[in-house]
Structure formats: C-alpha cells, structure tokens
Amino acid sequence: LIPRFRKRVMEVPLGLGRPIWVDDGRFDIGYHVRLTALPTPGSRAQLLALFERVEAQMLDRARPLWELWFVEGLEGGQVEVIQKTHHALVDGVSGVDVATVLFDFTREPTIPDAPEWVPEPAPSAQQLLVDTVVEEIGGVAHLGRVVADAFQVPQRAMTQLGQLGRSMATLAEGRLLAPRLSINQPVGRHRRFLGVKVPLDDVKAVRQVYGGTVNDVVLAGVAGGLARLLDARGELRPHLRVKVMCPVSVRVDDEHLALGNRVSALVVPLAVGEPDPVSRLASIRAATEDLKERHQAVAAETLL
C-alpha cells in the first residue's frame, strides 16, 4: 500500500546530480521486517537499550531505507514495534500516515488486498547521467526566464524579496553564535535515548490558565529541563537563552500518504535562565507568536 517503501536510492554517476528513487527489483520484505526478543520479562530500560543499538546502525543504501522490528518478551506479554525509516522517506506527519496503514483501529484485523506490483526497471547509469545533464540545462533556462520576468515586474519581485528578507532575518536575530555550553558538542554514534511522558490533559490545563499553544507549554517544559541540567553542571546563569529548532509541518490536507519531507522549522529562543516558570512560558509564547507572524518557517523552507 506504500509503494515508496519498495524503492531504493540510485546515485547519479560522478555525483553530478541529485539521487533518484527507483524500484528495487530484488525487494525482499523479509530483509526489512525483523523479529527479536528480550529476556523475559523485558523491562522498559532493556527495550530502550535495544532501541539505541537498532537506531544507531546506518541503513543499507543499496536497499529501501527502512526497517521494522518486532520485539517480544516484554512485561505483560506485550510486543513492541520499532520503526526505523530514513528521513528522506518520511517526515513526522507522513510517519503517522504509515502507522495508520500498519495498525488496525479495532481488535479484529483488516487484511487489505494488496495491488499487484511489477517493478519498473531502473535506468542505466549512462541514461541517468544524460537525463541529469538535460535537467540541469533546463533548470538554467528556467532560471533565466524567472530573472527576465522579475525585471519585467520589478515591484512585485522586490516586494517578494523584501518579505523573504524579513523572514530570513528572524533566523539570525540575537547572538549568531551559540553560548559555550556542554550540550553544544558534536554528537557521536553512541547516543542515548530516553522518553518523558506528560499527560496531555495537564498540558491543556496549563494552556487554559496561561494562554499560548500546546507546543508553547511543551517548549516551556523543555526549557525547565535544560535549566535543571545546566544548573547541575554549574553552567546556568541569569538571562541565558538557548535556541532550539522546532520542526513545523507544511503539509496540506490533500497530501495524505504523500511520503517525503514537507517540513520546515522555527528556531525558538528558550529563556532557560528565567527562574519563574510562568515568566518562562510567557517569553516563549511571545517569541513563537512573533516568529509565526513573520513567517520564519517559510524562510527556513526556502533555505532547505
């Protein structure tokens, strides 16, 4: 039901163009869907340790870029599912779409009829190289037409450039360099993954009292967690602000199950050095409202 999951990446010879998606003629579902188990009864800590090892391994670029791990042996007889998918295939919203295909909404399973699939042959390396060169030439010609149109309607072009410039400026506001903190370091292969569960009703209750959005309240919680971490390391100081990147979906409603990336970002300053949580939330709320009004996500999408 998700044809993209049978496609692999094909590189352009000599790296002269962007890779393309082609059908994997030797696609084997058994390679991608895997079964493993923890020593019974497996704990959440053991599950997270397994998750870290699975996610740290790079996907095979010669195959479709995903794996699905079923983990047995958990407490209470539960089975955990670890979905590992390259970001070139899905973003957060389309990842949810994939989950709606994987899981049933009732205990009675629904077995859909899968359409017959015949893989399309991939182009030869030589043909792909020729197609890429032709596409690049066409792109240059298109750019020339765009420039010519801009000169014909300079007022509209300047207005659009001005809007984009104002949006771009929000990305560079404040300190251009990140503060010297222990968290601003290169990230190696041995990453740790931990989750924090917060009842959504609690988040909504805070929002109803103090205003803002659910995301604003979550960001305020993140800022509080960062403050405690930095305080424990002796790095917390008044007026410290840490910028965080927040993914923003730019999908429209008719892009259901359209895979790939339709994601932009907001770069939000968190008032980590603000000791009062209410003031911290108010600062974040004001920052996100200002960034949305000035369309920073549009600027970030343009950069991407």
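Predicted model: local features only at pLDDT ≥ 70, side-chain atom pairs only at ≥ 80, totals over all residues.

Me: How many bridges join strand 4 to strand 5, and do they run parallel or antiparallel?

Reply: Six bridges, and the two strands run antiparallel; strand 4 covers residues 66–74.

Me: What order do the strands take in that sheet?

Reply: The order is 3-4-5, in an open sheet of three strands with mixed pairing. Strand 3 (33–42) and strand 5 (80–85) are the edge strands, each pairing on one side only. From one strand to the next, the twist averages 20 degrees.

Me: And which strands does helix 2 lie across?

Reply: Helix 2, residues 44–56, lies across strand 3, strand 4 and strand 5. Its angle to strand 3 is about 150 degrees.

Me: OK, switching topic. At what angle do helix 6 and helix 7 pack?

Reply: About 105 degrees, with the axes 9 Å apart. So helix 6 is roughly perpendicular to helix 7. For reference, helix 6 is residues 200–210 and helix 7 is residues 214–232.

Me: Which residues meet there?

Reply: From helix 6, you have Leu 200, Val 203, Lys 204, Val 206 and Arg 207. They meet Val 214, Val 217 and Val 218 in helix 7.

Notes. Residues numbered from 1 in each chain as written. Heavy atoms only, no water. Axes fitted to C-alpha atoms, helices over the stretch in contact; angles between N-to-C directions. Helix = DSSP H or I, 4+ residues; strand = E, 2+ residues; numbered from the N terminus. Parallel < 35°, antiparallel > 145°, perpendicular 65-115°, else oblique. Contact = heavy atoms within 4.5 Å. Pairing = 2+ DSSP bridges.
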